[in-house]
Amino acid sequence: MINLNFRSAIDFEEFCCYWMTDIIKKGKGDRVRFVRYGSSGQAQSGVDIISSPIDKMPAVAQCKCYSRPFTLADLKSELEKTDNYPHPIKYYFLLTTANPHTSIQNAMPAGYLTHTRSG
């Protein structure tokens with residue numbers, strides 16, 4: 001999808017809840033619902049939306065409604081924040097309106113990145 005516009009980051013997060021429901025259903029065959037995790041200004045540990053119930057499918061996503069570039073350094077920073085997230089994470093998605101960035105694409109020759117949370 002190109003040139004989608006959202007009124008706010010909250011609207012983008014709401015859109016991502018529906019989008020993630022579809023992604024998981026198509027990829028895993030499971031039907032789970034996604035909800036916003038907390039709200040702006042709270043310590044969300046790099047997580048904006050979560051599957052519900054979280055113990056059925058430990059999937060989370062960070063939603064970035066950006067017009068600026070989102071680089072590998074930005075992604076690594078977001079992944080490090082998940083170290084403080086109190087629940088298991090099996091699937092982590094970063095959903096963004098930013099244009100693709102070669103620094104991330106070059107780091108993902110297999111199509112994904114692996115991150116091990118400390119702690």
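A right-handed β-α-β unit is built from strand S3, helix H2 (residues 72–81) and strand S4. Right-handed here means that, with the strands pointing away from the viewer, the path from the first strand over the helix to the second runs clockwise. Helices (H or I, at least four residues) and strands (E, at least two) are DSSP runs, numbered from the N terminus. This is a predicted model, in which local features need pLDDT of at least 70 and side-chain atom pairs count only at pLDDT 80 or more, while totals for chains, interfaces and linings use all residues. Residues are numbered from 1 along each chain as its sequence is written, and side-chain values use heavy atoms, with hydrogens and water left out.

S3 (residues 59–64) and S4 (residues 91–96) run parallel and are joined by 6 bridges; strands pair if DSSP finds at least two bridges between them. Along this pairing, Cys-63 has Leu-95 of S4 as its bridge partner, and Lys-64 sits opposite Thr-96 in S4.

Zooming out, 4 strands form an open sheet with mixed pairing, in the order S1-S2-S3-S4. S1 (33–36) and S4 are at the edges with a single partner strand each, so one side of each has no neighbour in the sheet. From one strand to the next, the twist averages 30° (axes are lines fitted to C-alpha atoms, for helices over the stretch in contact, and angles run from 0 to 180 degrees between N-to-C directions). Helix H1 (residues 9–28) lies across S1, S2 (49–52), S3 and S4, at about 155° to S1; contact means heavy atoms within 4.5 Å.

Lys-90 belongs to the loop between H2 and S4. Its C-alpha atom is 5.3 Å from that of Pro-58, 32 residues away along the chain.
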